[in-house]
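Work through these exercises with the structure open beside you. Try each task before reading its solution.

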Amino acid sequence: QLTPSSFLRIGQLSNVDLNEDIRELETELPRQHPNEIPHNEKLLSLKYESLDYDNSENQLFLEEERRINHAAFRTVEIKRWVICAMIGILTGLVACFIDIVVENLAGLKYRVVKGNIDKFTEKGGLSFSLLLWATLNASVVMVGSVIVAFIEPVAAGSGIPQIKCYLNGVKIPHVVRLKTLVIKVCGVILSVVGGLAVGKEGPMIHSGAVIAAGISQGRSTSLKRDFKIFEYFRRDTEKRDFVSAGAAAGVSAAFGAPVGGVLFSLEEGASFWNQFLTWRIFFASMISTFTLNSVLSVYHGNAWDLSSPGLINFGRFDNEKMGYTIQEIPIFIFMGVVGGILGALFNALNYWLTMFRIRYIHRPCLQVVEAMLVAAVTATVGFVMIYCSRDCQPIQGSTVAYPLQLFCADGEYNSMATAFFNTPEKSVVNLFHDPPGSYNPMTLGMFTLMYFFLACWTYGLTVSAGVFIPSLLIGAAWGRLFGISLSYLTKGSIWADPGKYALMGAAAQLGGIVRMTLSLTVIMMEATGNVTYGFPIMLVLMTAKIVGDYFVEGLYDMHIQLQSVPFLHWEAPVTSHSLTAREVMSTPVTCLRRIERVGTVVDILSDTSSNHNGFPVVESNPDATQVAGLRGLILRSQLIVLLKHKVFVERANLSLVQRRLKLKDFRDAYPRFPPIQSIHVSQDERECMIDLSEFMNPSPYTVPQEASLPRVFKLFRALGLRHLVVVDNRNEVVGMVTRKDLARYRLGKEGLEELSLAQT
């Protein structure tokens, strides 16, 4: 274990986050580059703040709510629906943009490389083609990686872990900014065109969430434009509901699966749920699929034929050819077990790789170099595999976009090239639908092996990229292999159609890596347009999840844990009934009096050692008979707004008549409240008094100090609190429970463990 002094050292040197920039570090420590950052996954980082899901019901809030009549509430409700429609439309358009640009750029790249290969196959010198392909890939990926590493590191990866944290109530810096959206979209286009083993589906979820957060606020803080609309929604409670709608719209645009989107948002994301929210989210998802569908139909030239509901279209599976029988159920379950084991292996490898990256590859320039290396290696591996493969198939009747002839006879093409010489989405569809006999088992085996390691190496690079499609592709390849070997064993019986096994393998592999059950079943059913497979897909996913969880966590949870985020799961750890609120809470608590000196408030807020965000307000009577009982709770952001507007009373007994603050003043400062250092308070003003009674929340949630940890946890998690005050039997404040105090306790291998807190 690390000693406290080494903790402080880490606090200066490192950042235990994949996505935080190292620029702050370079300004603090000139010319001291640590080669290794000590990183311990048994830490919780203190740099993440919580979101406030609980409205502060102070006098201003109550007055405003009482002024609003029934008709005004109805307009608020209509605004909510309008925002959801806008979220759906914009998410659909962003998805179209990504799709069309990727299709054109990738098509251009493959045409150039194919022409080059065809030219050099005849007269020798294929190494030039390899150089061309690798250089093209590496340069495209370099651009995509530079913008992520140097401009907005949060846009790296698929963004699903970050959105999951945001919906759980953790404020991840920059996660729903406009800049992040732009970098994300450009980055994902470049990394898919650069031929990395990635998909464009995961980042759609993040993009949808950013769009939702932006629209629902009616202004852009990045562009400094305020449109003066939707001001009622400028608080965490409302913003978070819209973000879950945006995430659902993203899934729905990516897979053409509106119901799957709603269920994804429910299963992976939203911590708070009600019927109205479900219905609105479903509306946003439907609109997003419809927008994507209509725009792509117009783009492909058949305006009235709505046939491309999602970015990836698995194509229709026919029922006649593709039914399944009872005796295949055990086979599917076995495939689920294989998928779970392979998924756990993928996650374990990726875990060690990510630890290595956090420790050693933490400078942006190194991250860019690594991304270029991976791109070049991916191209080289693909080229060598195509070059060595002697698996030729006749071109007649096949639907290959870029058939490479290479060393095959005229009128034939190299079937390894259909897997590598294509965007991953197309390869998945080919594996599902190519007729039996299109692939040699050797080809599939080699492809699975290579792609598994490439995809594992690629996830966690500093590029925007999803893990959905690569895992579907790995699974489809070994599933098809499995189907072919079955028909060998059963001497070519009709029921072993390889396409069906490719679908099951894809489900098993994806379920084994990300461990989603409900939403993934529905997404696969909607994407294949076939309900008959609902039952086998469900069995496969359940098996994959159970087997995978036995070994290691899901990929997203693992990355959340590696970033030391204080994430609260659905339930408190099972064995935690022995702990009470007294042992969990943070003490001592910094309290404010109801009428407090301005100087005291400024000093408390400026104190860097205690970076508290909520302060209990106690009775200010100094006489000895009365207890200083709890009167309310006030937030740091509210105090800053009060100091900024200088809401002071000159002497304790004299009340000044001045402009009363309205709730609008607090909303205008949201979400980026100014730091206390930027607010100037003169020496005379420090002697004034400040009256907190109408700004504090007079009814904060409290628990007695004897309450057990699961009880505290349930209250905290279900209401989405940020602060929970612990009081004794005389209603005096004895402690405070925040998210970090609860996220500290986790079930490990030996039972309940307590994580240590680090300042990084």
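**Exercise 1. A strand pair**

In which sense do strand β14 (residues 723-727) and strand β15 (residues 733-738) pair, and over how many bridges?

*Solution.* The model is predicted, so work from its coordinates with that in mind.
- Step 1: recall that strands of a sheet pair through backbone hydrogen bonds, either parallel or antiparallel.
- Step 2: β14 and β15 pair in the antiparallel sense, over 5 bridges.
- Step 3: look at the connection. The two strands form a hairpin with 5 residues between them. In the turn, Asn731 has a positive phi of about 65°.

**Exercise 2. The sheet around it**

Give the strand order of the open sheet of 3 strands, and find its edge strands.

*Solution.* 
- Step 1: the order is β13-β14-β15, and the pairing is mixed.
- Step 2: β13 (702-704) and β15 each pair on one side only, which makes them the edge strands.
- Step 3: neighbouring strands of this sheet are turned by 30° against each other on average, direction ignored.

**Exercise 3. Two packed helices**

Describe how helix α4 (residues 70-123) packs against helix α11 (residues 275-299).

*Solution.* 
- Step 1: two packed helices are described by the angle between their axes and the distance between the axes.
- Step 2: for α4 and α11, the angle is about 35° and the axes are 7 Å apart.
- Step 3: the crossing of α4 past α11 is right-handed.
- Step 4: sort the contact by class. It has 16 nonpolar, 6 polar and 4 charged residues.

**Exercise 4. The largest nonpolar core**

Which two residues touch the most other members of the largest nonpolar core, and where does this core lie?

*Solution.* 
- Step 1: the core has 152 residues, and Phe420 and Phe432 touch the most other members.
- Step 2: α4 gives the most to this core, with 15 residues.
- Step 3: domain 1 (75-300) and domain 2 (320-563) both contribute residues, so the core lies between them.

Key: Residues numbered from 1 in each chain as written. Predicted model: local features only at pLDDT ≥ 70, side-chain atom pairs only at ≥ 80, totals over all residues. Heavy atoms only, no water. Axes fitted to C-alpha atoms, helices over the stretch in contact; angles between N-to-C directions. Helix = DSSP H or I, 4+ residues; strand = E, 2+ residues; numbered from the N terminus. Left-handed = near helix turned anticlockwise from the far one by under 90°. Nonpolar A, V, L, I, M, F, W, Y, C, P; charged D, E, K, R; others polar. Pairing = 2+ DSSP bridges. Core = buried A, V, L, I, M, F, W, Y, C linked by side-chain atoms within 4.5 Å. Buried < 20%, exposed > 50% of the residue type's maximum accessible area, 1.4 Å probe, protein only. Domains from an automatic or database assignment.
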